[in-house]
Amino acid sequence: MSGSVDLGGAGQSLLRASLSRTGKWAGGLGVVGGFVADILSPLAPFAAYIALAGAVTAAVLAAAIAFRLVLAATALPALVFASTTAALAGGLFALQQASDAEDGVLAGLVPAIAGLQQTMGIVASKVEKIEQTVTETSKQVEEVRQTAQEVQQTAEKVERKTDEIAANQKKQQEQAEKLQAATEQIAVSIETIADGFEVLAAQGGVIADPKRPDEFYHNARVHELSGDMLNARRSYLAFAGFGVDAVDPYIRFATLLRVQEGKAGAREVLGALGGANKTLALQLVHALQFEDAQRTERLNAFIAANPEYPPAYFVLSEEFSEDRLGVQTLADKRSEAEALARFTAYEKDGGLLRHFVDHTLLADWLERSRRRLAALGDVLDPERFMPRLTPMRSNQEWMITVSLPEPATGISWRLGGEGAFTETGFLALNDQTTGKPMPNPGFVVPDRTAADVISIKYLDLRGRETGPFEIRFDPQAALSEGSKQILDQFWTSWIAFDSGGNAGVVYFTHMLSYRCAIKGVRYSFNSASLDKTIEMPPCDEKDPYAIPYDYQPYFKVGEDVTSMSVQVTYSDGTQSPVREFKR
């Protein structure tokens, strides 16, 4: 048949020749390939791969020979090689599967081959470690990639946030510019209204058909002064409808409302106007219609929200004024002075004019501010109104007397910078200023007290705590200063002639008792030459007023001595006047 190969006779001879010639080296190569595949089996089933490749190749060659696509003499050696290789590799793979040898058949039989596999790093344990390392590395690479993505996302967020901040800053700047422009426009408009009001005030009379805010304000003032409160009220309401941010029209309107309806009525009317009129002037005047503490609280809240609104500081100063309180504490005076100083500071460069239509009210406020600031004087100087301590030493203790700059309802003291304060208590009488028990102005500390700080605090007549004030207490300096004060005050007792009937004797006991303040004493008889000195014993700080038992506090003089001149040099370096004592 033409579609087949005749293997009889010559074909068989050709096959035997090919097996004889090719089978020897094909078998050898198959054995070597199987040996290599068995050693490499931990990495992959190479024997199965070789067997499959050989079988496929043999099948293809056999089909080519059968269909005479190639010459049998040419293809038979390759067919023998492919068949031999497939048979040997297949047999080896079957043996591996039967023995369940993951590292190959030869590695289990020959230890040297297992050692070779370990040396080459291809045994299963090594492969697993390698695979594990590769897996971990892949995870780390993935983590790095994710971290990089997160960093990139964070950078993008930061960039967006930066853009938002820049946009907000630009928006705020634009708003500030708009606010400045609006403020300047308001100032110009109020200035125009103020000019119109001034002209109308000079003309006098009621405007028959008012159209502008200055005309309504003018009519309100004219009606008010003439006693026509109804039309005055109507004109004020019409003025409020223009939303002019000037304080004086609303202050005068509030005064009219309080007369007609009391503070409650004024609050109600001004509060209703605030629904449409959002000006700061109306808000400020509305806050003034509340009572006492609530009014002050609302004023402080208004100033906190609008710190650059000058009229608020003047009305705040009145909350602490003598006219409002009757009796002012130092805290009240300071609060009043601070508020007035803030208000008058805006006068520079016309900073107050834009808040007033009628400048006569502004002039009145400024004149009152200057007068009150002059009366308050240096009340803002903290050193000027510090408490004072007057220490007086006895033989056993220090008696400390506290002098306060204002009436108090309680005094406390503390020695040193830490610890609790101690109250001085009260005297058995009332203070006529406060109407309450008078606090004891004194306290004692031990005579051996070292130099330290004494802290003083007190309650003013409204019960507000003032202080603490830290005052340095130096016992040595206090002893010297106290003794000097007594010597200066009672200088006529320095010298005593013929005291106690002891004729011809001059006593200087008084100076000797207060010698802790004395550096030296010079004297002379019947002249001012001061050519003699009195040598005194040193100051004994433990018992400063005692006279040593072995010291003689006198000396004798003749009948010719009729006078004695004395000058004391104090321990602080100052000198007393030359004092003359007649016999």
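Student: Let's start with one residue. At 34% relative accessibility, what does Cys-539 count as?

Tutor: The idea is a pair of cut-offs: buried means under 20% relative accessible area, exposed means over 50%, and partly exposed is in between, with a 1.4 Å probe and protein chains only. At 34%, Cys-539 counts as partly exposed. Before we go on, this is a predicted model, where local features need pLDDT of at least 70, side-chain atom pairs count only at pLDDT 80 or more, and totals for chains, interfaces and linings use all residues. Residues are numbered from 1 along each chain as its sequence is written, and side-chain values use heavy atoms, with hydrogens and water left out.

Student: You're using helix and strand labels. Where do they come from, and how many helices and strands are there?

Tutor: They are DSSP runs numbered from the N terminus: helices are H or I with at least four residues, strands are E with at least two. In this protein there are 17 helices and 16 strands. Of the 583 residues, 38% are buried.

Student: How many bridges pair β12 with β15?

Tutor: In general, two strands pair if DSSP finds at least two bridges between them. β12 and β15 have seven, in the antiparallel sense, and Tyr-523 stands opposite Val-566 in β15. β15 also pairs with strand β16 (residues 579-582), antiparallel over four bridges; there, Ser-565 faces Glu-580 in β16. Now check the cover on strand β15 (residues 563-570): eight of its eight residues are buried. Both faces are covered, with Ser-563, Ser-565, Gln-567 and Thr-569 on one side and Met-564, Val-566, Val-568 and Tyr-570 on the other.

Student: What is the strand order in the open sheet of four strands?

Tutor: The order is β4-β3-β8-β9, with antiparallel pairing. Its edge strands, β4 (422-423) and β9 (465-473), each pair on one side only. Strand β3 (residues 410-415) joins β4 over two bridges, and Trp-413 stands opposite Thr-422 in β4.

Student: Over to helices. Why is helix α12 described as largely enclosed?

Tutor: Count the buried residues: eight of the nine in α12 (residues 311-319) are buried, so the helix is largely enclosed by the rest of the structure. Among them are Tyr-313, Phe-314 and Leu-316. To find the cover, look for contacts, meaning heavy atoms within 4.5 Å. What covers the buried residues of α12 includes α9, α10 (280-287), α11 (292-305), α13 (322-325), α14 (330-345) and α15 (359-376). For the whole protein, among contacts between residues at least 6 apart in sequence, 60% join residues at least 24 apart.

Student: What kind of ring pair do Phe-239 and Tyr-250 make?

Tutor: Rings of Phe, Tyr and Trp (its six-membered ring) pair if their centres lie within 6.5 Å; planes under 30 degrees apart are stacked, over 60 edge-to-face, and the rest tilted. By this rule there are 23 aromatic pairs. Phe-239 and Tyr-250 have ring centres 6.0 Å apart and planes at 55 degrees, so the pair is tilted. Phe-239 belongs to helix α8 (residues 229-240) and Tyr-250 to helix α9 (residues 247-273), so the pair ties together parts that are eleven residues apart in sequence.

Student: Which ring does the charged end of Arg-579 sit over?

Tutor: A charge sits over a ring if NZ of Lys or CZ of Arg is within 6 Å of the ring centre and within 35 degrees of the ring normal. For Arg-579 the ring is that of Trp-491, with the charged end 4.3 Å from its centre. Likewise, the charged end of Arg-267 sits over the ring of Phe-290, 5.2 Å from its centre.
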